[in-house]
Amino acid sequence: RTWCLSSTLNFTRYFFKVRFKRKFVIGEHHKAVCAILDRVLSGELKKVIINIAPRYGKTEIAVKNFIAQGLALNPKAKFIHLSYSDDLVLDNSKEIQSIMLEPEYQRLFEAKPTTTNSKKWYTKEGGGLYAVSSSGQVTGFGAGLVDLEEDEAIDEFTCLESESFGGAIIIDDPIKPDDALSPVIRNKVNNKFDTTIRNRVNSRNTPIVIIGQRVHENDLCGFLMTQEPGEWTVLSIPCIQSEGGIERALWPFKQSLEELKKLKAINQYVFETQYQQNPKPLQGLMYDRPFQEYEIIPAGKKIRKAYIDTADEGKDFLFAIIYDEFDYANFVIDVLYTQKPMEYTETKTAELFTQHNVEFAWIESNNGGRGFARNVTSQCREMGNNKTVIEWFHQSENKNVRIFTKSAEVMNLTVFPK
């Protein structure tokens, strides 16, 4: 019991083996994360940010085992756990309950969940957990214990096993990577923290721990470090470590240096942000190498297609691309990119479809695209082109997010004429 409570790492090692019947493979980053969390348990740190790549054990340590350990230290402790996904926090809540219901845990500690409700549950001593997404309603529950009156003050914290730790707010990945490029969603998460989440503490001494990968310069971690410089203890752990100019992998058990460099080559922006914890502006990082080129279209099974993004009002451009779609790449045949009016683009687009024997054409129905599609279809038939099948669809996803999330595919799958 004393050994488990002496550090978060010990607690994690023991109960990981109890649950999964195998050892927890410890990396140096696990030791660093646990050392920070031990300082939270001891009352030394109140505001902590831990940035580390996905799938590197952060949730296992900083959410599941940390909360279970906090309730082992003090069954009255109250926690709030937040993440971008309701499913994620509820799964984590169930995992915390499963740790606490293990016979070994019950043999060592008093705390025990009194219900199987995953969203909100308590211990018989009054502690417990409230788990909800970072965009959800955080009401009716506060993290931590109410401050003691001066005449009730207890001695300085001398060891981990003490009621002076009363719980915490634990935020694990507050925003989904795909949403991080949307300023609307990003600002919503940041404002929610400012207006609601930080106020859900029962005491000024209740710690707040944010752990997760960086996903944007102005994600919640970046926002807080800018707004409150020096107030947050920040542990940032890149996956590629460099010492004296020599690179090495942070956790070879998970990813070798060669594997990490392959990830970097696929998408430098994602790698620098989520794996190196070094978010930078997108410019120059998405399309950072020459595109593939061809001199002759290869033989093989293919479909000739077209994709059209019609012009919005004002100075917007119409963009139409004709290409051969193979299983392994798209070979660009022709492009129309112009600010000319519909009177020109409808006829020109129909001519391109006819000239290049396009089989299928997709037209975004946004910005009058549906009417554009009807007129192009009509003009194709007048030109004797009965082959091209033209369909329209509504594109509802954020354009900036689409550009970013598909940039690696564009680089890998698009081949231009030399």
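This tour goes through a few selections in the structure above, starting with aromatic rings.

The model is predicted: local features need pLDDT of at least 70, side-chain atom pairs count only at pLDDT 80 or more, and totals for chains, interfaces and linings use all residues. Residues are numbered from 1 along each chain as its sequence is written, and side-chain values use heavy atoms, with hydrogens and water left out.

**Phe 11 and Tyr 105**

A search of the whole structure finds 27 aromatic pairs. Rings of Phe, Tyr and Trp (its six-membered ring) pair if their centres lie within 6.5 Å; planes under 30 degrees apart count as stacked, over 60 as edge-to-face and the rest as tilted. Select Phe 11 and Tyr 105: the ring centres are 6.4 Å apart and the planes stand at 90 degrees, so this pair is edge-to-face. The pair links distant parts of the chain, with Phe 11 in helix 2 (residues 8-20) and Tyr 105 in helix 6 (residues 103-108), 94 residues apart. Helices (H or I, at least four residues) and strands (E, at least two) are DSSP runs, numbered from the N terminus.

Phe 11 counts as buried because its relative accessibility is 0%, and Tyr 105 is buried at 0% as well. Buried means under 20% relative accessible area, exposed over 50%, and partly exposed in between (1.4 Å probe, protein chains only).

Tyr 105 and Phe 109 are both buried. To show the aromatic cluster, select Phe 11, Tyr 14, Phe 15, Tyr 105 and Phe 109.

**Trp 251**

Next, go to Trp 251, in the loop between strand 9 (246-249) and helix 9 (257-266). Trp 251 counts as buried because its relative accessibility is 10%. Leaving aside neighbours within four places in sequence, Trp 251 is in contact (heavy atoms within 4.5 Å) with Val 25, Ile 26, Gly 27, His 29, His 30, Arg 55 and Tyr 56. For His 29, the C-alpha to C-alpha distance to Trp 251 is 7.9 Å, while the two are 222 residues apart in sequence.

**Glu 272**

Then select Glu 272 in helix 10 (residues 268-275). At 9% relative accessibility, Glu 272 counts as buried. Beyond its neighbours within four places in sequence, Glu 272 is in contact with Lys 264, Gln 277, Asn 278, Pro 279 and Lys 280.

**Lys 340 and Tyr 344**

Finish at Tyr 344: the charged end of Lys 340 sits over its ring, 4.3 Å from the centre. A charge sits over a ring if NZ of Lys or CZ of Arg is within 6 Å of the ring centre and within 35 degrees of the ring normal.
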